[in-house]
Amino acid sequence: MIESLNLVVSLLQQMCVYLVIAYLLSKTPLFIPLMHVTIRLPYRIACYLVFSMFCIMGTYFGLRIEDSIANTRAIGAVLGGLLGGPMVGLAVGLTGGLHRYSMGGFTALACAISTMTEGLIGGVFHRYMIQGGRHDKLFNPLTVGLVTLFAEVVQMLIIIVVARPFEDAVHLVESIALPMLTANSVGAAMFMRILLDRRTIIEKQSSVFSAKALKIAARADGVLRRGFNQENSMKVARIIYEETGVGAVAITDRTKTLAFIGIGSDHHLPGMPLTSLQTLQAIANNQVMYADGNEVAYQCSIKSDCPLGASLVIPLQGEDDQVIGAIKLYEPKTKLFSTINRTLGEGIARLLSNQILAGRYERQKQMLSQSEIKLLHAQVNPHFLFNTLNTLSAVIRSNPERARVLVQYLSTFFRKNLKRPSEEACLSDEIEHVNAYLQIELARFNDRLSVEIDVDDNVADARLPAFSLQPLVENAIKHGTSQLLGGGHIRIAARRDGGDLLLTVEDNAGLYEAKPGGDGLGMNLVDRRIKTRYGERYGLAVEHERDVFTRINMRVPLETVAA
């Protein structure tokens, strides 16, 4: 009994060396695939390689007992199966078993078979837990210890059944059963504890990164959307400096420093041209440059006695991944620049790049909207002005007072055209604009045109894209009522429809024809502007009955002008 206990202690001592190696390796990327249930093929391969190594190591660290080896090989085989599945477990067991078989001894064959069996036992338990949706059980140290204990009991039975002579096999099992059951089950549980501790550290780091990134995102939201300039960059740099706790933060464009805050701000001044080789290289090559002041030297390019001792430079990317500047995080010479700062810095750079891109996209969209409005103006004004002058020429001789009123309407029309304060207008302004246009058209067509405007009072202050109603009215006259031999009628109506504003422009000509390329420049631009601003469920819809009516329905969200 004393001899057996001494063997337990010796084997546990060997196991401690084994676990120290496992702990050291857990600090490397090699262990990352082992911290989750392994599914992807590259991770399965990594799992096989790692646990095959530990399986072989368990044999080498074993103790020679009566032409056999008391070992901790089962830890690698069982864990390979538990984390990688049946195929990985069997492959690890086969590798460890063949290695053990090559070392000889009367239990060589039995140990080879039992090692494969242990890997398979771990794999079967893995499959059972996965199918039952109990993934977390695979990482429970107690569960791992019990599975390994069961696998070791099976190994003892295989040795008794396979190894010969039988009496020697029984005697060997009596000597090594307790030490191996204890060392392997405890060792497997502790190995899993090492993995769990490593996973917990990574998860905590990730949660810290996420919390900081979210806080920075919340505070910096929208700042760089208003423009990538010195003023906005300084605001963002201050936020990053306060939230990350680094020594200093700088933001640059491709040629100069836009913002700097923190240690060294007395000589790192906004507006100064870029002179740092790391920064210039990061921008030129679209490459993260990390000078930790230890493995990679850092030297301030402006002042030789600068207290900054480490620098991380991350490019800021714009359209098509083109570099538009950089964010720089610094630490003083008294503090090492950690990988935590690097990971967070790269996340911040992506955040700022997205903000800059979003801002540029919004400004381009605004410019496009303005261009579309100007295009609509250019489409309307020439032929409308020509027709109006002809009408005035005819009216001025017969009815000068009427001509004076028409000139006032013409003035109103062009004033509304030229002096839009923004991309939006209230419905009452749009109606006034359209009414000026219609009054001139009424004079032009005399008794051949009538107009009806029916706008509910509760939607008069509703907002809609500026210059969106007039093209529809012009289209109704130009391609509708003007083609009739008899009298034409235009009806404009506006009402609330649930949470939307529904505008209708209807003519009695019914001459609308759908065209493969769209419904004309004016209608297409109006429809696209509405959909871009509000979404696909809004825009224009056409109702039509040949030679009876054409009705254009415009739907926008019902938003009123602030008082």
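Predicted model: local features only at pLDDT ≥ 70, side-chain atom pairs only at ≥ 80, totals over all residues.
Figure 1. If neighbours within four places in sequence are set aside, Thr275 touches Leu280, Ser301 and Ile302.

**Figure 2. Thr257, a buried residue in strand β4.** Strand β4 covers residues 257-262, and Thr257 belongs to it. Is Thr257 buried or exposed? Its relative accessibility is 12%, so Thr257 counts as buried, the cut-off for that class being under 20%. Which residues touch Thr257, once neighbours within four places in sequence are left aside? They are Ile251, Thr252, Leu269, Pro270, Gly271, Met272 and Leu274.

**Figure 3. Helix α3 crossing helix α6.** Here you will find α3, made of residues 73-84, and α6, made of residues 141-162. A pair of packed helices is described by the angle between the axes and the distance between them. For α3 and α6, the axes come within 10 Å and cross at roughly 120°. That angle makes α3 oblique to α6. The crossing of α3 past α6 is right-handed. On the α3 side, the contact involves Arg73, Ala74, Val78, Leu79 and Leu82, while α6 brings Val144, Val147, Thr148, Ala151, Glu152 and Gln155. Sorted by class, this contact has seven nonpolar residues, two polar ones and two charged ones.

**Figure 4. A cis peptide bond at Pro165.** The bond to find in this view joins Arg164 and Pro165. Its omega is about 5°, and the peptide bond is cis. Pro165 itself is placed in the loop between α6 and α7, the latter given as 166-220.

**Figure 5. Two residues with positive phi, Phe467 and Asp547.** Phe467 has a phi near 65°, a positive value in a residue other than glycine. Asp547 also has a positive phi, near 65°, and is likewise a residue other than glycine. Where do the two residues sit? Phe467 is in the loop between β10 (463-465) and α13 (470-478), and Asp547 is in the loop between β13 (539-545) and β14 (549-557). Their accessibilities give them separate labels: Phe467 counts as buried because its relative accessibility is 0%, whereas Asp547 is exposed, with a relative accessible area of 54%.

**Figure 6. Cys47 and Cys55, two buried cysteines.** Cys47 has a relative accessible area of 0% and is therefore buried. Cys55 is buried too, with a relative accessible area of 0%. How many disulfides does a search of the whole structure find? The count is zero.

**Figure 7. The protein chain behind the close-ups.** To put the views in context, the protein chain has 14 helices and 14 strands. Of its 563 residues, 49% are buried. Among contacts in the chain with a separation of 6 or more, 70% are between residues 24 or more positions apart.

Key:
Residues numbered from 1 in each chain as written. Heavy atoms only, no water. Axes fitted to C-alpha atoms, helices over the stretch in contact; angles between N-to-C directions. Helix = DSSP H or I, 4+ residues; strand = E, 2+ residues; numbered from the N terminus. Parallel < 35°, antiparallel > 145°, perpendicular 65-115°, else oblique. Left-handed = near helix turned anticlockwise from the far one by under 90°. Contact = heavy atoms within 4.5 Å. Nonpolar A, V, L, I, M, F, W, Y, C, P; charged D, E, K, R; others polar. Buried < 20%, exposed > 50% of the residue type's maximum accessible area, 1.4 Å probe, protein only. Disulfide = S-S within 2.5 Å.
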